[in-house]
Amino acid sequence: MSRRHAPTFSLLLLLACSVVGCNCVPATPTPVRIVIRNTGEAPLHVDATDGRMGVELQRSTFGGWNPFVETPPCECLSCDLVCGGCDCPPVSPNPRILKVAPGESISRTWDGVVTMEGAGSCGLVQGPACLYGENAPAGETFRARFCYAENVPALRSVDAGVPVLGTLPTEGTSCVETTFRPADGELVLEPSPGTPCTRHEACEGDDALCLDGHCTTGCPANDFPVLGATWRLAVDEPEDQGFFDIT
C-alpha cells in the first residue's frame, strides 16, 4: 500500500513545532520492535490469526485510547487507488493460536505508520472511503494492549512456536496494557504476575488458584507427561476386610 505523506508545512508552522515541542508528522516512520517475553512458569497462548501476536496498538484520540489499523485488508483501499474501484476479496476466518513456552520470547515489528480513514478525491466529487498511512511522530505516546491465556487444555500437547487452529477461551484470558513511544525503538511485553494472594479463596474465577503467592489460571511447572489418547486409567480393587461392600 502506498503511504500518503504529510502536506508541505510552512516555515512558520515548522518554527512553532520546534518551539512548543508539538508532535509533527515526520518524513520517515520509526519502526518499533514488539517483544513478547514469557517470564512465567506456565505457557502463554496468544492469538496469531492476523500476525499481531495478541498485541493491539492504540492511539489517544477523542479523549480515549482507540485501536488503529496496522495493515489494510487490501491494497486498493489506499486513497491513491480507491478511485479506480476497489473490491476486497472476502476474508474467511481462520483463527490460530500460538503457544509461547516459559522462558521463551517471540517478536514482531510495527513499521511506525498509523493507517487512518479518509475519502478519495475522484475528480470534482468526493470519492469513496479509503485508508492512508500517516507516519507516527517519534515522541508521541501510544498504548499497547497485550492479551493472552495461560490455560488452554486442548492445546497442552502442541509444540510452542507453531501456530495451530483454535481461539482463546472467553474465560481465563488476561490482558496487560502499557504505554510507549516510537522513539523507544523496542517494546517488551510480559504477562502479569497475577493478584497477590495467600489462599485459593482470594482468587476470582473457578479456574484460578493461589500459587507462589499470586492468583493464576495456569498449571504450575511439572514433569508429568501430557495425558494421551492411548493412556488407560485403572484403579486397583481394594481388599475386602469386612468393613464395606465392593460394588
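**Aromatic contacts, core and sheet**

1. Phe68 and Phe142 are both buried. The model is a predicted one. The two rings form an edge-to-face aromatic pair, with 6.0 Å from centre to centre and 70 degrees between the planes. Because Phe68 belongs to the loop between β4 and β5 and Phe142 to strand β9, the pair ties together parts 74 residues apart in sequence.

2. By the ring-centre criterion there are 6 aromatic pairs. One of them joins Phe68 to Trp110: the ring centres are 5.7 Å apart and the planes meet at 45 degrees, so the pair counts as tilted. This pair also links distant parts of the chain, since Phe68 is in the loop between β4 and β5 while Trp110 is in strand β6, 42 residues apart. Phe68 and Trp110 are both buried. A single aromatic cluster is formed by Phe68, Trp110, Phe142 and Phe180.

3. Which residues outside its sequence neighbourhood does Trp110 touch? Leaving aside neighbours within four places in sequence, the contacts of Trp110 are Pro31, Val32, Ile34, Leu57, Phe68, Glu70, Ala136, Phe142, Phe180 and Pro182.

4. The largest nonpolar core contains 24 residues, and those touching the most other members are Val55, Leu57, Trp110, Phe146 and Phe180. At least two residues of this core come from each of β1, β2, β3, β5 (96-100), β6, β9 (142-149), β11 (173-180) and β12. Strand β9 gives the largest share, 4 residues.

5. Met53, a residue other than glycine, has a positive phi near 55 degrees; its place is in the loop between β2 (44-47) and β3 (55-61). Phe62 is likewise not a glycine and has a positive phi of about 55 degrees. Phe62 is found in the loop between β3 and β4 (64-67).

6. Is Phe62 buried or exposed? Phe62 has a relative accessible area of 89% and is therefore exposed, the cut-off for that class being over 50%. Phe68, by contrast, is buried.

Key:
Residues are numbered from 1 along each chain as its sequence is written. This is a predicted model: local features need pLDDT of at least 70, side-chain atom pairs count only at pLDDT 80 or more; totals for chains, interfaces and linings use all residues. Side-chain values use heavy atoms; hydrogens and water are left out. Buried means under 20% relative accessible area, exposed over 50%, partly exposed in between (1.4 Å probe, protein chains only). A nonpolar core is a set of buried Ala, Val, Leu, Ile, Met, Phe, Trp, Tyr and Cys residues joined through side-chain atoms within 4.5 Å. Contact means heavy atoms within 4.5 Å. Rings of Phe, Tyr and Trp (its six-membered ring) pair if their centres lie within 6.5 Å; planes under 30 degrees apart count as stacked, over 60 as edge-to-face and the rest as tilted.
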